Amino acid sequence: MGILGDLLREALRQVGVSELIYPRRFRCRHEPEQCAAVGLLLGRYRLCRFPDGVALVRSGAPCPEPLEIRLEPPAEPRIYIDLGLWDIHTDSEKNELVEQIAASIAAVRSQLWDGNLVLARAPREFFERFGRAMRGMKHAVRTSEGPPPSTAVYLDPEGPCLAGEELLRSAPDIVVGGVVDKERVYKGATARLAASAGVPDWRRCRIELRGSTVGVPDRINKIIEIVLSARFAGLPLEEAIIRAQARRDKVYRLMRELQRAGPCVDPALAEALAQWLRADRKTLELAAAKAHVRIGC
């Protein structure tokens with residue numbers, strides 16, 4: 001259950017409502033209460049009393065008896081996406097960046113809502129592309145012309161600080177660099193963003209999976225998903241990372257582990273590694289081929 005879903009359920013309980021009636025074609029990627037809470041905050045829906053109970057109805061639909069409740073989403077964490085290096089990207093990288101930010105909205109809505117996501121230092125060109133990509137979709141993502149606060153934690157795979165569970169669960173302001181390495185590698189890009197925001201190096205922190213950043217997803221929306229899963233869903237950080245991994249992330253980490261085991265890998269070890277990362281046999285075989293190792297000799 002998302003945080004907002006819990007708040008909605010408690011608010012309804014306080015006014016004597018134990019069950020909410022949903023529209024016939026209500027679409028939700030998460031728990032219904034979480035989606036309902038986000039919809040209420042965005043003004044897409046409202047609550048209405050009917051003879052057979054309280055229903056979630058679309059704004060503008062008939063409502064003989066509106067029901068008002070107090071729904072206050074938590075102010076923290078504030079998750080920033082710093083777009084201060086937008087101009088270094090190629091055209092296709094800019095499109096990819098817009099796509100990842102659109103997916104980040106969905107990631108935030110799994111626990112919180114749009115108001116917890118802030119786009120910092122976004123230029124006019126970004127908003128033009130973002131507007132076209134989000135056409136028809138209502139959102140309430142916040143924007144900031146200036147950089148994130150200097151007290152924020154920047155998540156940087158090259159950072160000197162290790163972002164553990166305690167940090168991810170307590171930091172009020174967390175920043176993900178708006179950088180996409182699709183056609184070129186922008187080494188040190190997040191460090192540049194952090195420095196320009198006045199953030200010291202010791203606040204640039206990396207997320208690791210058993211001592212390495214290999215296999216930790218680098219997509220902006222996936223990083224946000226990891227943070228929220230560790231902070232609100234009660235998942236250990238390792239579990240949050242593995243759940244967020246795409247197939248390519250699993251392949252990269254398997255390649256690293258298989259190469260460390262040598263050119264001929266014990267089948268039992270290979271299977272154990274695949275089970276750890278929840279990778280299927282095809283993924284394991286692909287990683288072995290790419291790593292130029294044999295499983296069993």
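How many bridges join strand S5 to S10? Select residues 78-82 for S5: five bridges join this strand to S10, and the two run parallel. Strands here are DSSP E runs of at least two residues, helices are H or I runs of at least four, and both are numbered from the N terminus; two strands pair if DSSP finds at least two bridges between them.

Before going further, note that this is a predicted model, where local features need pLDDT of at least 70, side-chain atom pairs count only at pLDDT 80 or more, and totals for chains, interfaces and linings use all residues. Numbering starts from 1 along each chain as its sequence is written, and side-chain values use heavy atoms, with hydrogens and water left out.

**Stop 1: strand S10**

Stay with the strands and pick out arginine 78, whose bridge partner in S10 is aspartate 173.

Next, select S10 on its own, residues 173-177. Because five of its five residues are buried, S10 is largely enclosed by the rest of the structure. (Buried means under 20% relative accessible area, exposed over 50%, and partly exposed in between, with a 1.4 Å probe and protein chains only.) In a regular strand, side chains alternate between the two faces of the sheet. Asp173, Val175 and Gly177 point one way from S10, while Ile174 and Val176 point the other way.

**Stop 2: the nonpolar cores**

A nonpolar core is a set of buried Ala, Val, Leu, Ile, Met, Phe, Trp, Tyr and Cys residues joined through side-chain atoms within 4.5 Å. The largest one has 60 residues, and those with the most contacts inside it are Leu83, Phe126, Leu155, Ile207, Ile224 and Leu258. Helix H7 (residues 220-231) gives this core its largest share, seven residues. A second, separate core of 19 residues includes Leu8, Cys35, Leu67 and Trp113.

Zoom in on leucine 83. Setting aside neighbours within four places in sequence, its contacts include Leu97, Ile101, Leu119 and Phe126 (contact means heavy atoms within 4.5 Å).

Then move to serine 104 in helix H3 (residues 91-108). Is serine 104 buried or exposed? Serine 104 is buried, with a relative accessible area of 0%. Beyond four places in sequence, serine 104 is in contact with Ile81, Leu117, Ile220, Asn221 and Ile224.

**Stop 3: the pockets**

A pocket is an open set of points on a 1 Å grid over the protein atoms alone, with protein on both sides within 12 Å along at least five of seven lines; lining residues have an atom within 4 Å of a point. Points are joined across faces, edges and corners, and a volume is the space filled by probe spheres set on them.

The largest pocket holds about 910 Å³. To centre your view, select Pro157, Asp181, Pro217, Asp218 and Arg219, the closest to its centre of the 32 lining residues. H3, S10, helix H6 (189-196), H7 and helix H9 (247-261) each give two or more residues to that lining.

Last, select Arg27, Cys28, Arg29, Arg44 and Arg109, which lie nearest the centre of the second largest pocket. This pocket has a volume of about 520 Å³, and H2 (32-42) gives the most to its lining, with three residues.

Terms used: 1 Å grid on protein atoms, 1.4 Å probe; cavity = no way out; pocket = protein on both sides within 12 Å on 5 of 7 lines; lining within 4 Å.
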